[in-house]
Amino acid sequence: VQLVESGGGMVQPGGSLRLSCAASGFTFNNYDMTWVRQAPGKGPEWVSTIHTNGGSTYYADFAKGRFTISRDNAKNTLYLQMNSLRPEDTALYFCARASVRLKAIPARPWGQGTQVTVSS
């Protein structure tokens with residue numbers, strides 16, 4: 001299993017970023033996928049989950065209305081569009097195969113993460 005996140009960066013409050021996660025080593029379209037994040041000095045936090053065919057999506061309360069999860073099964077790629085970013089969104093963002101329990105932190109392996117920094 002290999003998961004490679006990209007697309008992070010530094011952005012001003014109110015800005016947008018689109019994260020990508022390239023998956024390989026497993027049958028991508030057989031798995032629900034999830035994004036988690038971890039801020040400095042804090043534990044991991046579930047962000048969003050998408051079902052195998054993209055038909056159902058779920059978000060943490062802080063992400064609702066601002067973040068959109070999506071996937072392209074033909075490209076084995078997971079996405080997270082983040083709009084209206086806030087300083088408290090600053091964290092390392094990871095993708096992973098989703099836990100069977102919604103909102104739970106998924107088991108490893110995760111990718112290496114992509115850093116999102118929101119600052120003026």
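This briefing describes the disulfide and the salt bridges of the structure above. The model is predicted. It contains one disulfide, and the count of salt bridges comes to four. Arg37, Glu45, Arg66 and Asp89 are joined in a network of salt bridges.

**Disulfide**

- The disulfide is formed by Cys21 and Cys95, with 1.9 Å between their sulfur atoms.
- This pair connects distant parts of the chain, since Cys21 belongs to strand 3 (residues 17-24) and Cys95 to strand 9 (residues 91-97), 74 residues apart.
- The disulfide is right-handed because the torsion about the S-S bond of Cys21 and Cys95 is about 55 degrees.
- Cys21 and Cys95 are both buried.

**Salt bridges of Arg37**

- Arg37 and Asp89 form a salt bridge through their side chains, at 2.9 Å from N to O.
- Arg37 is located in strand 4 (residues 33-38) and Asp89 in the loop between strand 8 (77-82) and strand 9, so this pair ties together parts that are 52 residues apart in sequence.
- Arg37 also forms a salt bridge with Glu45, in which the closest N and O atoms are 2.9 Å apart.
- Arg37 counts as buried because its relative accessibility is 6%.
- Asp89 has a relative accessibility of 0% and therefore counts as buried.
- Glu45, at 34% relative accessibility, counts as partly exposed.

**Salt bridge of Lys64 and Asp61**

- Lys64 and Asp61 form a salt bridge, the closest N and O atoms lying 3.2 Å apart.
- Asp61 is exposed, its relative accessible area being 64%.

Methods
Residues are numbered from 1 along each chain as its sequence is written. This is a predicted model: local features need pLDDT of at least 70, side-chain atom pairs count only at pLDDT 80 or more; totals for chains, interfaces and linings use all residues. Side-chain values use heavy atoms; hydrogens and water are left out. A disulfide is a pair of cysteine sulfur atoms within 2.5 Å. Helices (H or I, at least four residues) and strands (E, at least two) are DSSP runs, numbered from the N terminus. Buried means under 20% relative accessible area, exposed over 50%, partly exposed in between (1.4 Å probe, protein chains only).
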